[in-house]
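Let's take a walk through this fold, starting with its strands and then turning to some helices.

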Amino acid sequence: MNRSEPLPVTVLCGLADPREAASAPALPPFDSRVLAFLSDLSAALLADRRVKAFPDVTTFAFFCRRASLENLRKPYGTLPDRLGRGLVFHIAPGNVPMNFAYSLTAALLAGNASIVKASSREFEQTGLVCAPIESLLAGAHASLRPYVNVVSYPRERQDVTEAFSALCDVRVIWGGDETIRRVRQAALPPRAFDITFADRWSALVADAQAVAEMDSQTLRTAAQGFYNDTYLFDQNACTAPRLVYWLGEGVSLETAQERFWRAVWEYAQPRYPIDPVVAVDKRTALYRAALTLPGARRSPMPDNVVTRIRLDALPPETADFRCGGGCFLEFASPTLDALTPLLTQKAQTISVLGISPSALRDFALRGGVRGADRVTPIGRTLDFALVWDGYDLIYTLSRRIAA
Amino acid sequence: MLDPATLLALPPYGLAREEKRRFLTEELTSLSRRHAEGCPEYAKMLAATGTDLSTVTGWEQIPPLPVRLFKEFSLKSVPDEALYRTVTSSGTTGQQVSRIYLDRETAALQSKVLAKIMESTLGGARLPMIVVDSPAVVKDRAMFSARGAGILGFSLFGRDTVYALDAEMKLDLPGLRAFLDRHQGKPIFLFGFTFIVWQYFYEELKRLGETLPLQNGVLVHGGGWKKLADRAVSPARFREALCEVSGLNRVLDYYGMAEQTGSIFMECEHGHLHAPVWADVAIRRPEDFSEAAVGEKGLIEVVSVLPRSYPGHVLLTEDEGRLLGEDTCPCGRKGRYFEVLGRVKRAETRGCSDTYEQK
């Protein structure tokens with residue numbers, strides 16, 4: 001695409017021609033102007049009454065508060081010899097509405113200008129975040145305008161993807177295999193590289209004994225956390241557990257399963273209406289599991305809100321099973337050994353209940369596994385961190401000048 | 001399982017509630033047993049739901065298979081040597097096709113049951129027939145598309161059959177006029193798929209400003225309303241439009257699917273779809289798959305006693321509908337009658353994988 005031609009994009013915030021972002025000087029990580037901008041954005045979002053209806057936007061606003069940013073900065077100490085890489089081009093995902101904002105924030109904190117392609121799906125959250133950004137850029141934070149560009153354009157416009165790709169230093173692609181393949185067809189400059197947040201697979205590991213003995217308030221909180229991890233985005237986020245691995249056996253296992261699923265059902269039932277198509281999907285998934293996975297059997301539940309499919313073993317194909325809308329595979333064993341073969345490159349988040357995250361991380365480290373990039377407590381799988389999918393985004397999106 | 005002759009001797013709309021339920025429960029449970037023995041996949045699916053066939057007391061307790069499974073898996077209950085014909089159906093959901101494996105017995109039952117239903121609709125005599133489609137659709141007899149199978153199935157009830165469209169799907173007006181001259185004043189039977197009738201017959205006549213004298217015709221059409229609903233064409237508008245260009249005033253819709261060919265649900269003169277004795281419907285609540293009350297919207301489950309070579313006797317569709325009553329339709333037919341409200345809407349699926357894939 002010719003540089004002088006206007007781009008067929010809608011600018012939600014930032015430069016009228018986002019291509020000019022390519023000439024913005026790189027900033028040091030955690031630059032004071034960036035921190036000031038983000039904390040003002042946080043305040044603007046928290047003051048917006050419309051935001052209250054969107055817990056994910058509120059969570060993002062808290063992520064950007066001054067105190068939170070200082071916490072994020074702490075582990076990095078001072079980084080006096082580092083600078084952002086330049087321009088980061090982000091392809092935002094279509095499943096989790098707020099990921100575009102986290103992707104943008106991480107790039108800014110590392111010292112980069114960004115062009116974000118917002119999801120082609122029209123999430124209300126996109127507008128709720130971009131509008132205050134645009135006001136801040138029009139006022140006190142005008143000097144950051146070249147750094148904060150969010151655009152939308154139809155995914156079919158590969159020429160636009162090519163134009164932005166040709167200018168960027170790093171490209172961040174959120175998407176499944178097909179998206180990544182298509183975006184990668186757009187050439188990058190020789191020194192530029194891709195960070196891909198591909199479609200992944202996640203699991204919950206729960207200790208049966210601990211759950212069996214848990215007081216009911218703690219259990220309720222866990223169930224609510226599990227709901228947020230899964231149902232909140234129709235179990236379609238990569239971080240959403242598809243398998244629940246029970247560590248345990250015997251009576252305590254039965255008690256734990258009974259208690260946990262009843263608590264999940266009680267929390268989800270009034271909040272998650274079952275769409276007819278999801279009901280059919282989940283029933284189809286049960287039969288698909290019956291035909292492809294060992295010993296798959298439905299565990300009885302009062303209705304179609306929670307679908308549980310018990311397995312006798314966990315062959316590698318288990319990781320290919322997917323069904324949204326609250327459909328869970330379950331497996332139980334006195335040891336974690338059966339989990340190891342599933343921790344391939346496809347495995348992303350392991351959340352835990354009744355076990356410490358570090359115990360599980362140590363298990364993964366001992367196993368020399370290729371996958372499982374993070375271990376979180378139940379309910380925290382969607383929390384964004386600057387280390388994501390195994391990448392430390394501050395280091396990856398900045399460079400060091402040796403002297 | 002009843003022998004085919006006994007099965008076919010049943011009056012198409014003659015069994016009332018209790019009698020029909022006993023018959024279907026008996027027949028469908030034995031079919032389930034047969035499929036569980038002949039089709040290991042079906043046995044696994046029954047096991048996955050924890051179904052014990054020996055405890056089934058009503059056919060509603062047999063777990064329905066989602067129709068989509070026939071697109072993903074090869075499901076048959078007879079050895080390959082016994083296969084007679086494979087029917088494929090693309091449905092409306094895209095590239096993957098359903099494969100339905102028929103042995104001789106099932107294929108014969110399908111066409112004979114269809115004959116019984118049509119006889120009760122059109123009367124016994126074979127009528128001069130217009131197929132509103134192209135003859136190209138029925139060329140390959142070994143590998144049938146559901147569209148071709150439908151045309152051939154219904155063609156048995158006509159005589160002196162002509163195709164309204166040529167190989168390029170163009171309306172053959174001279175051919176139709178010659179046919180109608182030959183059969184002036186006589187009842188004419190027309191058959192076609194709803195969307196084809198609309199786009200290639202009605203719209204073409206309208207565009208050409210032509211009309212055809214079909215006042216004595218009866219059109220039987222099926223295949224679903226999805227495409228017409230997308231164009232905001234309602235069943236009422238469909239009837240009205242056809243009457244405008246051809247004077248047709250008997251237009252009967254039917255509901256059926258390739259997975260249960262033969263035992264179709266035909267519309268009566270009161271506009272209700274009727275379950276024939278060999279089939280039935282249950283409306284399921286999506287929340288828990290319990291049976292919906294009369295008048296309550298839900299997912300349509302269809303059952304048929306005909307599928308003997310593949311486990312398609314109890315199916316969960318992706319259509320929504322409403323039960324209107326049982327044994328009480330003013331047309332006098334016994335059994336359940338219902339209406340179809342359309343395909344369930346697929347909410348935009350959300351996943352990491354769909355930045356580009358979503359259509």
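Start with the open sheet of chain A: seven strands in the order S10-S11-S12-S9-S8-S13-S14, with mixed pairing. Strands here are DSSP E runs of at least two residues, helices are H or I runs of at least four, both numbered from the N terminus, and two strands pair if DSSP finds at least two bridges between them. S10 (297-299) and S14 (374-377) of chain A sit at the edges with a single partner strand each, so one side of each has no neighbour in the sheet. On average, neighbouring strands are turned by 30° against each other, direction ignored.

This is a predicted model, where local features need pLDDT of at least 70 and side-chain atom pairs count only at pLDDT 80 or more, while totals for chains, interfaces and linings use all residues. Residues are numbered from 1 along each chain as its sequence is written, and chains are lettered from A and ligands numbered from 1 in the order in which they are written.

Now look at S11 (residues 307-310) and S12 (residues 327-333) of chain A, which pair in the parallel sense over four bridges. Here Arg310(A) stands opposite Glu330(A) in S12(A). Helix H11 (residues 276-292) of chain A packs on the sheet and touches S10, S11 and S12 of chain A; contact means C-beta atoms, placed from the backbone, within 7 Å. H11 of chain A makes about 0° with the direction of S11(A), on a scale from 0 to 180 degrees between N-to-C directions, with axes fitted to C-alpha atoms, for helices over the stretch in contact. Helix H12 (residues 357-367) of chain A lies across S8 (201-207), S13 (347-353) and S14 of chain A, running at about 160° to S14(A).

Definitions and conventions. Contact = placed C-beta atoms within 7 Å.
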